[in-house]
Each structure stands twice: as C-alpha cells, then as structure tokens.
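Please read the following report alongside the sequence and the model. It moves from individual residues to the chain as a whole.

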Amino acid sequence: MVSEQKERNNRFGRIATKGVLGGLSGGFLLYLAFLFFRIAINAVAGTDIVPASTELGGFALGFATGVSLAFPTKE
C-alpha cells in the first residue's frame with residue numbers, strides 16, 4: 001500500500017516536471033517565433049502594425065500547449 005502511494009507520487013512528480021519543462025521550452029520557442037514575425041512585419045511595413053507585447057501571448061500559448069501535452073490521456 002505504501003509502495004503504491006510512493007510510486008503514484010513519484011509518477012505525478014515526473015509528469016509535473018515534464019509539464020513545466022515542456023511548457024517553458026514550448027513557450028520560449030513560440031515567444032521567439034512571435035518576436036521574429038512581429039519585428040519582420042513591422043520592419044517591412046515601416047510602422048507598428050503588430051502591437052509590442054504580442055510575443056507574450058506566444059509564450060502563453062506555447063506554455064499551455066507544453067503543459068497539456070505532458071499529461072497522459074486515457075484511451
């Protein structure tokens with residue numbers, strides 16, 4: 001009984017760690033992608049068409065996606 005509980009806690013810890021690390025890496029990649037496209041679009045247009053804090057939304061999307069992919073699904 002104790003061994004099963006300990007294994008369950010270890011499994012949850014691994015899933016949570018994988019989710020946080022996956023979220024950070026996914027968030028960072030989308031942050032950089034959105035930043036690149038924001039700078040490229042604004043440079044070509046010559047004015048601020050894309051708002052300054054758009055890349056933060058990219059980080060949020062990447063982080064949420066990375067965390068959601070870490071959790072197992074029931075099949």
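G27 is buried, its relative accessible area being 0%, where buried means under 20% relative accessible area, exposed means over 50%, and partly exposed lies in between, calculated with a 1.4 Å probe and protein chains only. This is a predicted model, in which local features need pLDDT of at least 70 and side-chain atom pairs count only at pLDDT 80 or more, whereas totals for chains, interfaces and linings use all residues. Residues are numbered from 1 along each chain as its sequence is written, and side-chain values use heavy atoms, with hydrogens and water left out.

G27 belongs to helix α1, which covers residues 2-45; helices (H or I, at least four residues) and strands (E, at least two) are DSSP runs, numbered from the N terminus. When neighbours within four places in sequence are left aside, G27 is in contact with G58, F59, G62 and F63, a contact being heavy atoms within 4.5 Å. The C-alpha atoms of G27 and L69 are 13 Å apart, although 42 residues separate the two along the chain.

G58, one of the contacts of G27, is found in helix α2 and is likewise buried, with a relative accessible area of 0%. Not counting residues up to four places away in sequence, G58 touches G27, L30, Y31 and F34. From G58 to R38 the C-alpha distance is 11 Å, at a sequence separation of 20 residues.

## The salt bridge

How many salt bridges does a search of the whole structure find? The search finds 1 salt bridge, defined as a side-chain nitrogen of Lys or Arg within 4 Å of a carboxyl oxygen of Asp or Glu. E55 forms a salt bridge with R38, and the closest N and O atoms are 2.9 Å apart. The pair links distant parts of the chain, with E55 in helix α2 and R38 in helix α1, 17 residues apart.

Both E55 and R38 are buried: the relative accessibility of E55 is 8%, and the relative accessible area of R38 is 17%. Helix α2, which holds E55, runs over residues 54-70. With residues up to four places away in sequence not counted, E55 touches Y31, F34, L35 and R38. R38, with its neighbours within four places in sequence left aside, is in contact with V50, P51, A52, T54 and E55.

## Aromatic pairs and the nonpolar patch

The count of aromatic pairs comes to 2, under a rule by which rings of Phe, Tyr and Trp (its six-membered ring) pair if their centres lie within 6.5 Å, planes under 30 degrees apart counting as stacked, over 60 as edge-to-face and the rest as tilted. The pairs are set out below.

| Pair | Centre to centre | Angle between planes | Arrangement |
|---|---|---|---|
| F36 and F37 | 5.4 Å | 65° | edge-to-face |
| F59 and F63 | 6.0 Å | 25° | stacked |

F59 and F63 are separated by about one helical turn, because they are 4 residues apart in helix α2. F59 counts as partly exposed at 31% relative accessibility, and F63 counts as partly exposed at 30%. F36, in contrast, is exposed, with a relative accessible area of 54%.

The largest share of the nonpolar patch, 3 residues, comes from α1, while F59 has its place in helix α2.

## The chain as a whole

The protein chain has 2 helices and 0 strands, and its C-alpha trace spans about 65 × 20 × 15 Å along its principal axes. The radius of gyration of the protein chain is 18 Å, but a compact globule of 75 residues would have one near 11 Å; the radius is taken over C-alpha atoms, and the globule rule is 2.2 Å times the number of residues to the power 0.38.

Of the 75 residues, 17% count as buried. The protein chain exposes about 5,800 Å², of which carbon and sulfur atoms supply 69%; accessible areas come from the Shrake-Rupley method with a 1.4 Å probe, and for residues only the protein chains shown count as cover. Among contacts in the protein chain with a separation of 6 or more, 71% are accounted for by residues 24 or more positions apart.
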